[in-house]
Each structure stands twice: as C-alpha cells, then as structure tokens.
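Hi,

Here is the structure I promised to pass on.

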Amino acid sequence: MIAFSLRRLLQVVVTVALLTVTTFILMHLVPGGPAFFLMGTPDHYTPEHEAAVNRVLGIDQPVVSQLVLWVYAFVHGDLGWSFFYKDSVAHVIGLRLWPTIELAGLTLLLTIGGGITLGLYAGAHAGSRIDRCLSAASVVALSVPSFWLGIALVFVFAVWQRWLPSSGIAALNEPPSVADHVRHLVLPVLALSLSHMAGMGLYVRTSVAEALRSDCIRTARAKGLPGRLVFVRHALRSALIPILTMAGLYVPNISGGTVVVETVFSWPGIGQLMTLSVVRRDYPVLMGIVLLLGVVVVAASWLTDMAYHLADPRIAFN
Amino acid sequence: MASAFAPGVTASSRPVTLPLTPRRLRGMAPAWIAAAFIVLAVGLGPWALRLDPTSIDLSAINQLPSAYHLLGTDDTGRDLLARLLAGGQVSLGVASAATVLATIWGAIYGAAAGLGQPWLDALLMRIVDALLAFPNIVAVLIFAAIFPAGIRQLILLLALTGWMQIARLVRGVTRDVANMPFLEAARSAGAVRTRLILRHVLPNISGVIGVAATLELTKAILAEATVSFLGAGIHPPMPSWGNMLTNAQDYVFTAPWLALAPGVAISATVFVVFRMQEWLHLRGAAL
C-alpha cells in the first residue's frame with residue numbers, strides 16, 4: 001500500500017508540474033499582455049511605454065529564462081511577484097485562502113451530506129411520488145446557473161425580506177462576531193451547493209436503486225434478513241464506490257464554482273482574486289492559483305483512490 | 001466542471017433503440033414543443049421585433065415593462081426583449097457550435113482509444129483523466145485571459161474544455177462493441193478496418209454520442225453564460241444571456257426585474273435540453 005501511495009504521489013507531482021508549465025508557456029507566448037492593463041488610460045499608451053513596463057515586469061525576457069525564474073521563486077516559496085499588488089504571490093493568495101476554504105468546505109459538507117441523505121431516501125423509495133418530486137426538483141436545480149441563483153437569493157433574502165446581508169464577509173458598522181460571519185456565509189454557500197447537492201442526490205439515487213435491484217439483495221431478502229439490514233449491509237455497501245467517485249469529482253467542481261459565487265457575493269477569496277486577476281492580466285497570481293488548484297484537485301483524486309481501497313478491499317493496489 | 005452533471009448517464013450504457021410508442025412520444029411532447037419555441041423565438045424573434053438590441057437611450061433607463069418595451073429597458077436604455085432574443089442567438093449559437101466541435105473531436109478520440117491497442121487506450125485515457133480533473137470554468141477563464149476575446153475564440157475554448165467527457169463515454173461503449181461477437185464475425189469474414197468502423201461500430205455508438213452531445217450542450221450553455229457573466233466571454237455591446245446579467249446585481253435593489261428574463265431563459269433552455277438528454281438516454285438504454 002505504501003508503494004502504491006508513493007507511486008501515485010509521483011504521478012501527482014508530474015501532473016501538477018506539467019499543468020503549471022503548460023499554463024506558464026501559453027501565458028507568455030501570446031503577445032499583448034499586462035502592460036496595457038497596468039498603464040490604465042490608453043491616452044498615454046506608446047510602444048516605448050509598453051516596452052518599459054514589460055522590462056520592469058521581466059516579461060521581455062525569453063520564455064525559458066522566465067520559467068527558470070518562476071521555478072526559482074517557487075522553490076523559495078514566494079511564487080513570484082504580483083504585477084498588480086506590490087507583494088509576493090504567496091502572500092496575496094495566503095490572505096485570501098481562509099475565506100475560500102470556509103466557503104468550499106461548508107459547500108462540500110452540505111453537498112455530500114445533503115446529497116447522500118436525499119439520494120438514499122429517493123433511491124430506497126424509487127418510483128414513489130416523493131422520489132419523482134425530488135428527481136424533478138434536482139434537474140431544475142441543475143439547470144439554474146449558480147450566479148443567477150445567487151442574484152435571486154440576494155433579491156429574496158436581502159432586498160425583499162431583509163434577513164441576510166447581500167454581499168461581503170462582515171458588516172462594516174458592527175464589531176466582528178461569529179453570528180455576523182455566519183449570516184454572511186449563508187447565501188454564498190446556498191448558491192454554490194444547491195446544484196451540486198442536486199447532482200450528488202441524483203447520482204446516489206441511481207446507485208442505490210441499481211444496488212437494490214441486484215441479485216445479492218434478492219438473496220439477502222430471501223434468506224430472511226430484515227429490510228433495514230439488507231439496506232445497510234448490502235445496498236449501501238455496493239453503492240458506496242460510485243458515491244465516493246462522485247465526492248472526489250466534486251472537489252474540482254466546487255473549487256471552480258467558488259470563482260463564480262465569490263464574484264457574485266464579493267467574497268474576498270481565491271475565486272474573486274482569480275476573476276480580478278484575469279481582468280488585470282496578473283499572470284503571476286494566475287499561475288499561483290493554477291498551481292494551488294492543481295494541488296487541491298490532484299490531492300482530492302488521491303484521497304478518493306485511497307478511500308476506494310478502504311471501501312472495497314477487492315480493488316487491488318496497482 | 002460538471003463532469004458530474006450526468007443524470008443517469010454511465011459509461012456502460014449500451015445503445016439499444018426502443019420502438020417509439022405513442023406513450024413515449026407523448027411524454028416527450030412538452031420538451032419538444034418548448035425546444036421548438038426557444039429555437040423559433042431566438043431564430044425569428046429579432047427579425048420580427050425590429051428593435052435594435054444595441055441602441056442606447058439614456059432617457060429611458062431601467063424602465064419597467066411597457067407596451068413599447070415589452071420586458072423593459074436595461075441600465076443604458078436598451079430594449080431588454082431585443083437583447084434577450086439577440087443574446088439568445090449569440091449564446092445558443094456559441095454553445096451549439098462548441099458542442100458540435102467537442103462532439104466530433106471527443107467521438108474520434110474516444111473511438112480511437114476504444115479500438116486501439118491497450119497501451120494507446122491507457123495513454124489517451126490518462127490524458128483525459130488529467131484534463132477532466134481541472135475545473136472547466138477556471139480553464140476557460142485562464143484561456144480567456146491569455147487570448148484576445150471574440151466569438152470564434154470562445155467557441156474554440158468551450159470545445160477545448162468540453163470534449164473529455166464525450167471521449168470517455170464514447171470510449172466505454174466502443175470498447176463494449178469491440179468485444180462483441182458480431183464484430184469478430186465481420187472481421188473473420190474479411191471486412192476491412194474502414195468497413196468495420198463505419199458499418200459495425202458507428203451505428204452502435206451513435207446513440208451514446210447523441211446522449212453525450214446533448215449533455216455537453218447543457219454544459220456549454222451554462223459555461224458560456226458563466227464566462228460572459230464574469231466579463232471574459234462575449235463582451236457588450238454584443239448581447240449574450242450571460243453578460244446581460246453582469247450588471248443585474250448592481251441593480252438588484254432598484255431594478256430587480258433586469259435579472260429575471262435572462263436567468264429564466266438560461267435555466268429553461270438548459271432544463272429542456274436536460275429533458276431531451278434524459279429521453280435520448282432512456283430510449284437508448286432502457287432494455
């Protein structure tokens with residue numbers, strides 16, 4: 001098992017390295033870049049200006065030497081300097097890490113918890129009226145883009161009924177408190193988790209319904225095992241693998257979703273930083289975010305693989 | 001993104017066509033009618049309405065629906081209905097074109113993996129796994145930051161980030177079909193590779209390609225809307241369902257109806273395509 005983990009870890013490092021290097025080369029090969037955006041008003045724009053800005057930023061150098069510099073910065077842990085902020089990329093990202101972990105973590109919990117609960121119920125009662133309602137509602141939830149759901153939630157809960165704040169992470173006119181923080185979290189988490197929960201629920205439902213139709217369930221029932229035990233010991237177990245796969249897949253999906261929801265709710269996290277950096281052409285920050293996401297995504301798939309083996313010992317380590 | 005959004009689709013679903021009984025057709029009627037309505041409205045609407053979706057009228061900003069502006073006006077006084085219809089042409093056009101490209105490439109790639117040697121299959125699928133792991137929206141945004149904006153670029157971006165799921169589904173069924181006795185029979189009867197693929201493999205995987213393509217269409221519509229909403233896809237003054245919502249949040253306190261029409265249009269369209277996908281899937285895999 002240790003050998004397997006190590007081999008997977010090596011694959012992980014190679015994948016992340018390939019991903020970042022490809023992004024880096026693509027970014028730096030394309031002409032026309034950050035200079036234009038940093039100079040602001042186009043009135044002052046001259047080719048000499050642009051060349052000067054490019055020289056200061058270091059993007060007039062050949063791609064290879066820039067890449068070497070970036071790897072040097074990576075090894076030193078600061079990931080280079082942001083074009084926009086006068087600060088190291090590691091620090092810029094670090095400041096915004098916790099809000100995103102909060103948002104994505106709560107969403108993941110809600111997605112997995114809620115999705116599994118609803119899916120188990122619907123799957124165990126496949127074909128019933130409640131199942132049909134839940135499934136239809138899930139497809140509707142999958143059809144609604146998260147940013148529009150966010151705007152709709154703001155309208156209902158912040159504009160029409162003034163229950164919750166419409167954006168931001170804390171009230172400006174009050175001392176910081178846990179209650180205030182939670183109030184700010186509710187709408188972004190809801191906007192992000194609804195569609196994921198629906199997708200998860202539908203998937204769990206299908207897996208459970210399929211497992212309940214299998215031969216081993218019929219045998220278990222025939223030998224007189226009580227219904228609840230049949231469900232827990234047999235149906236749940238064989239549905240566990242697809243459920244784990246889905247949970248692993250949701251990590252990248254939710255990470256991508258934070259980009260949108262953080263922008264809608266002005267949530268000061270990595271996702272908002274990413275949208276801002278795209279507009280600003282802040283390449284070093286974007287590189288840092290790609291690297292971070294790569295690590296998160298690959299770590300999630302590694303954890304999923306490990307969980308497979310715990311859930312089903314028949315899966316060989318190779 | 002959204003690799004998970006596949007209600008009921010599995011790689012092993014075998015394409016077996018069910019006869020179209022009247023009951024099945026009836027169950028599908030609302031979705032077909034809705035789809036026809038959307039296509040007609042978006043296709044003929046701008047021509048029938050005769051209002052310029054880009055003409056600015058600063059004396060009539062953020063107006064409520066009226067007899068002249070049936071859905072009201074936006075923050076620069078442009079007619080919302082005209083923008084909704086023209087934006088639909090842009091959004092659905094971009095999404096459809098991206099879906100076609102992604103489907104063609106994904107099907108070729110998936111079939112190559114499914115029919116190829118085991119080492120080729122392993123290599124091709126590892127690449128797909130690696131690409132699938134990365135969040136779609138992030139990839140589109142990064143590319144949008146690197147390359148100049150435009151409709152053609154956006155189509156290419158959505159296709160480039162959307163073909164992997166199709167390749168995976170097609171590879172799964174191709175593998176199944178490749179192991180079928182009838183394929184071996186055809187091979188032993190002396191059928192050449194082209195004939196094997198065109199006459200024996202393709203008809204058996206076309207059902208899954210259809211299901212995968214409709215699923216990709218839902219993702220492409222949502223992705224276009226999201227990217228344009230974030231300001232990196234279709235840029236104003238050209239309307240798209242996504243960028244119509246970019247400013248809507250700023251006006252949610254004063255003119256909340258601005259957000260209503262584009263959001264409903266996106267959600268309803270995606271829902272209808274989901275229903276069609278579900279139906280195609282049931283038709284193909286119910287046996």
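Going along the sequence, chain B reads α-α-α-α-α-α-α-α-α. Keep in mind that this is a predicted model. In total, chain B has nine helices and zero strands. Of its 287 residues, 49% count as buried. If you take the contacts in chain B with a separation of 6 or more, 74% of them are between residues 24 or more positions apart.

Next, where the two chains meet. Here 45 residues of chain A are in contact with 40 residues of chain B. Several helices of chain A supply at least two residues each to the side that touches chain B, among them helix 1 (2-29), helix 8 (178-212) and helix 11 (270-280). Which helix of chain A gives the largest share of that side? That's helix 10 of chain A, with 11 residues. By residue type, the side of chain A that touches chain B splits into 33 nonpolar, 11 polar and one charged.

One helix pair inside chain A is also worth a look. Helix 5 (residues 89-124) and helix 12 (residues 283-311) of chain A pack at about 60°, and their axes are 9 Å apart. The two are therefore oblique to each other, and their crossing is right-handed. On the helix 5 side, the contact is made by Val89(A), Val92(A) and Ile93(A), while helix 12 brings in Pro284(A), Val285(A), Gly288(A), Ile289(A) and Leu292(A). Seven of these contact residues are nonpolar, one is polar and none is charged. Helix 12 of chain A also supplies at least two residues to the side that touches chain B.

Cheers

Methods: Residues numbered from 1 in each chain as written. Chains lettered and ligands numbered in written order. Predicted model: local features only at pLDDT ≥ 70, side-chain atom pairs only at ≥ 80, totals over all residues. Axes fitted to C-alpha atoms, helices over the stretch in contact; angles between N-to-C directions. Helix = DSSP H or I, 4+ residues; strand = E, 2+ residues; numbered from the N terminus. Parallel < 35°, antiparallel > 145°, perpendicular 65-115°, else oblique. Left-handed = near helix turned anticlockwise from the far one by under 90°. Contact = placed C-beta atoms within 7 Å. Nonpolar A, V, L, I, M, F, W, Y, C, P; charged D, E, K, R; others polar. Buried ≥ 20, exposed ≤ 12 C-beta atoms within 10 Å, placed from the backbone.
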